[in-house]
Amino acid sequence: MDGERRHDDPDDDDRADREELAEDPSDRDDEDEQDGEDELDEDEDRDDDPDRGAESVTIEITGLSLYTHHGVSEAEREVGQRLVLDLRLDVGETDATATDALEDTIDYAEVCQLVALLAQQRSHKTLERLCSVVADRLLGDYELEGVWVKATKPEPPIPLSVDEVSVEIWREAEE
């Protein structure tokens, strides 16, 4: 058996792989280039299609963590606590999917700054009121079809073991 070559020799597999790669790499390059060109052509077709309407867009902001002073107890309002806000902005139809222009959509960094200001400039006893104030302001300042606001207290001040407490509000724009 010393002179025989074994069929399960890993070197044979490596050799076969190298031979397969060495066959004609130009065939594969042409196919790869053609695939890339097809993808680019599709993107160009999409941008140049005048019949293509604006697409409906929803922007979600998750986990906006702020230190605030909201709560029923005086201690909550005085000492403060961390609050986490989640937002869903129903932008509706927007040209930004085709134009790639910020002015055709909602600047979510600007939205975060506004929500942080609203949540930190004034103290509310209930999360319901805070969510309502945020929803009303977003609908007033931006062209939205609807807005969903969720405020979560990750460590609510209650005498039982609870992971978190949250309140959600959904508002649609008035026509």
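Close-up 1. Arginine 171 is partly exposed, with a relative accessible area of 26%; here buried means under 20% relative accessible area, exposed over 50%, and partly exposed in between (1.4 Å probe, protein chains only). Aspartate 136 sits in helix α6 (residues 127–141) and arginine 171 in strand β4 (residues 165–172), so the pair ties together parts that are 35 residues apart in sequence. Helices (H or I, at least four residues) and strands (E, at least two) are DSSP runs, numbered from the N terminus.

A word on the model before the next views: it is predicted, so local features need pLDDT of at least 70 and side-chain atom pairs count only at pLDDT 80 or more, while totals for chains, interfaces and linings use all residues. Residues are numbered from 1 along each chain as its sequence is written, and side-chain values use heavy atoms, with hydrogens and water left out.

Close-up 2. The whole structure holds 4 salt bridges, and one of them joins arginine 88 to glutamate 60, with the closest N and O atoms 3.5 Å apart. Arginine 88 belongs to strand β2 (residues 81–94) and glutamate 60 to strand β1 (residues 55–68), so this pair links parts 28 residues apart in sequence. Glutamate 60 counts as exposed at 51% relative accessibility, whereas arginine 88 is partly exposed at 30%.

Close-up 3. Arginine 137 pairs with aspartate 141, and their closest N and O atoms are 2.9 Å apart. Because they are 4 residues apart in helix α6, about one helical turn separates them. Arginine 137 is partly exposed at 35%, and aspartate 141 is partly exposed at 43%.

**Close-up 4. The largest nonpolar core.** This core has 33 residues, of which Val111, Leu138 and Leu144 touch the most other members. Such a core is a set of buried Ala, Val, Leu, Ile, Met, Phe, Trp, Tyr and Cys residues joined through side-chain atoms within 4.5 Å. At least two residues come from each of β1, β2, α5 (108–121), α6, β3 and β4. Helix α6 gives the largest share, 8 residues. In soluble globular proteins, nonpolar side chains tend to be buried together.

Close-up 5. Isoleucine 59 is found in strand β1 and counts as buried at 11% relative accessibility.

**Close-up 6. Aspartate 100 and its positive phi.** Look for aspartate 100 in the loop between α4 (96–99) and α5. Its phi is near 60°, a positive value in a residue other than glycine. Most residues other than glycine have a negative phi. Aspartate 100 counts as exposed, at 73% relative accessibility.

Definitions and conventions: Salt bridge = Lys/Arg side-chain N within 4 Å of Asp/Glu carboxyl O.
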